[in-house]
Amino acid sequence: EILARGKNEVLAGAAFDPAATKRRFTFALSDIGEMTFLPKLLAYLQAHAPQATVRSVTLPPDEIALGLEAGDIDLAIGYFPDLKARNFFQQRLFTHSFISLLNAEHRIRGERMSMEDFLGAGHAVIRAEGRSQEVFEQLLARHKIERRVVLSTPHFMSIPFIIAATDLVVTVPYAVGESFSRMSGIRLIQPPLDIPKFDLKQHWHRKYHKDDANMWIRSVVAGLFTS
């Protein structure tokens, strides 16, 4: 009874007010997750929670799980297939696919690459900490397709400059490719394989399922990105 009263009376505070909060929201995001989610999310927070701040972290899966449980991370947003334990809730936001990028003047033309062109081209491969790229890599492994890898890099941000200056091909999540294609010298093309799509989700720990601030930021993310 004493614990219940403490929770209901002593610990109960004012309702969460986005317009007045100075809270720092921490999100676990990959670098491509930052590209996909942060622009819209920051714009919304600046309009509706102008004193709130944001921190983005990129961590190994086990550290993300610990951070969510400890409350050091509010949400993990993106592709996090390791967060499947009963202690975590998840909400699907939208489904993602892949696209390939070429130099705008590349000899490969058309809207879709042939397998012959795919195998004959030199490829750039991103080995980032984010897990989404492994969906494509696992597909190639299952079909025993070996492409000619000319460049292996852990970074996405250098890719458009490399593609624009070379005849390499790269295959990336669609939102990333669409963003890069706005730069001069870059062209989108469909890869020759039917690549499985994957869901991007937001994840949170059950301890914070009814936390007012966590509930609010989850609703913001869902409102901005659910399709």
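Analyst: Two strands pair if DSSP finds at least two bridges between them. This is a predicted model, where local features need pLDDT of at least 70, side-chain atom pairs need 80 or more, and totals for chains, interfaces and linings use all residues. Numbering starts from 1 along each chain as its sequence is written, and side-chain values use heavy atoms, without hydrogens or water.

User: Why are E8 and E9 called edge strands?

Analyst: The open sheet has three strands, ordered E8-E5-E9 with antiparallel pairing. Strand E8 (170–173) and strand E9 (186–189) each pair on one side only. From one strand to the next, the twist averages 40 degrees.

User: Which helix lies across E5 and E8?

Analyst: Helix H5, residues 133–142, does. Its direction is at about 130 degrees to E8, with N-to-C angles running from 0 to 180 degrees.

User: Where is Asn-214 found, and why does it count as buried?

Analyst: Asn-214 is found in helix H8, residues 212–225. Its relative accessibility is 2%. Buried means under 20% (1.4 Å probe, protein chains only), so Asn-214 is buried.

User: What does the side chain of Asn-214 reach?

Analyst: The backbone oxygen of Asp-74, at 3.2 Å. A polar contact needs N or O atoms within 3.5 Å, one able to donate a hydrogen and the other to accept it.

User: Which residues is Asn-214 in contact with, leaving aside neighbours within four places in sequence?

Analyst: Asp-74, Leu-75, Trp-204 and Tyr-208. Contact means heavy atoms within 4.5 Å.

Notes. Helices (H or I, at least four residues) and strands (E, at least two) are DSSP runs, numbered from the N terminus. Buried means under 20% relative accessible area, exposed over 50%, partly exposed in between (1.4 Å probe, protein chains only).
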